[in-house]
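Let's walk through this protein together, from its overall build to a few individual side chains. Keep the sequence and the structure side by side as you read.

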Amino acid sequence: LLFQVEILVSRKADISPKKKKEKWKSPTLNIREKRKLRRNKGSPYISDKKQVNKECFMGPPCHCKANCRELINGKEALIFNAVWDMGDYNAHNAYLFGCIKAQATKRRYPKKRTHSDDSRRSFSYMYQVNVDGVEVTVCRDEFLALHGLQNSRGRLQHIQKMITNVG
């Protein structure tokens with residue numbers, strides 16, 4: 001019995017581990033990954049249709065009565081850079097998800113409706129930015145400008161829809 005165990009151990013020592021083949025990576029895939037990373041970091045990049053896309057930049061301050069840009073105390077560049085340095089689209093969306101709070105509307109004004117199924121707005125959204133550990137509420141325009149987002153893309157609307165469905 002001892003002799004059989006020694007033979008089995010010696011056979012296992014003789015067998016060398018198989019070498020794994022390295023996967024062949026397409027050079028276009030590497031280009032796509034680089035393009036994706038540059039887009040998610042807000043850096044300029046060339047799209048697959050050879051269009052030059054400019055880098056993300058902070059928008060102009062809002063013109064509301066609350067003077068939202070003044071509430072941020074000059075930390076707008078720090079916030080903008082921290083958000084775009086994440087480099088991951090999902091992490092960026094998670095950050096934006098945490099900055100937007102949904103509230104039920106406080107007051108509704110009656111209007112004549114043609115159909116009873118017509119939906120009305122049932123949520124109001126508050127946009128908050130963390131400045132030195134304090135949550136500062138800003139208007140929607142300032143929130144978009146501060147994070148370098150565009151209103152026409154629908155990204156903020158999608159996040160708002162997810163917030164109302166989840167919470």
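A word on exposure comes before anything else: a residue is buried under 20% relative accessible area, exposed over 50%, and partly exposed in between, using a 1.4 Å probe and protein chains only. Please keep in mind that this is a predicted model, in which local features need pLDDT of at least 70 and side-chain atom pairs count only at pLDDT 80 or more, while totals for chains, interfaces and linings use all residues. Residues are numbered from 1 along each chain as its sequence is written, and side-chain values use heavy atoms, with hydrogens and water left out.

Let's begin with the overall build. The protein has 7 helices and 5 strands. Both kinds of element are DSSP runs numbered from the N terminus, with helices being H or I over at least four residues and strands being E over at least two. Of the 167 residues, 25% count as buried.

Now to the charged pairs. How many salt bridges does the structure hold? There are 2 salt bridges, the term standing for a side-chain nitrogen of Lys or Arg within 4 Å of a carboxyl oxygen of Asp or Glu. One of them joins the side chains of Arg-69 and Glu-142, at 2.4 Å from N to O. This pair links distant parts of the chain, with Arg-69 in helix 3 (residues 68-71) and Glu-142 in helix 6 (residues 140-147), 73 residues apart. Are these two partners buried or exposed? Arg-69 is buried, at a relative accessible area of 18%, and Glu-142 is buried too, at 0%.

In another salt bridge, the side chains of Lys-75 and Asp-132 meet at 3.8 Å, N to O. Lys-75 sits in the loop between helix 3 and helix 4 (76-84), and Asp-132 in the loop between strand 4 (123-131) and strand 5 (134-138), so the pair ties together parts that are 57 residues apart in sequence. Lys-75 is partly exposed, with a relative accessible area of 28%, whereas Asp-132 counts as exposed at 62% relative accessibility.

Rolling a probe the size of a water molecule over the atoms shows where empty space is left. Here the search runs on a 1 Å grid over the protein atoms alone, and a pocket is an open set of points where a 1.4 Å probe fits, with protein on both sides within 12 Å along at least five of seven lines; lining residues have an atom within 4 Å of a point. The largest pocket has a volume of about 740 Å³, counted as the space filled by probe spheres set on the points, which are joined across faces, edges and corners. Of its 28 lining residues, Cys-56, Trp-84, Gly-148, Gln-150 and Arg-153 are the closest to its centre. The elements giving two or more residues to this lining are helix 2 (27-41), helix 5 (89-99), helix 6 and helix 7. Which helix gives the most? Helix 6 does, with 4 residues.

What is the lining made of? It divides into 12 nonpolar, 8 polar and 8 charged residues. In this count Ala, Val, Leu, Ile, Met, Phe, Trp, Tyr, Cys and Pro are nonpolar, Asp, Glu, Lys and Arg are charged, and the others, Gly among them, are polar.

Helix 5 also holds Asn-93, which is buried at a relative accessible area of 16%. Asn-67, in the loop between strand 2 (52-53) and helix 3, has a positive phi of about 50° although it is not a glycine. Asn-67 is partly exposed, at 38% relative accessible area. Asn-73 has a phi near 60°, again a positive value in a residue other than glycine. Asn-73 lies in the loop between helix 3 and helix 4 and is exposed, at 58%.
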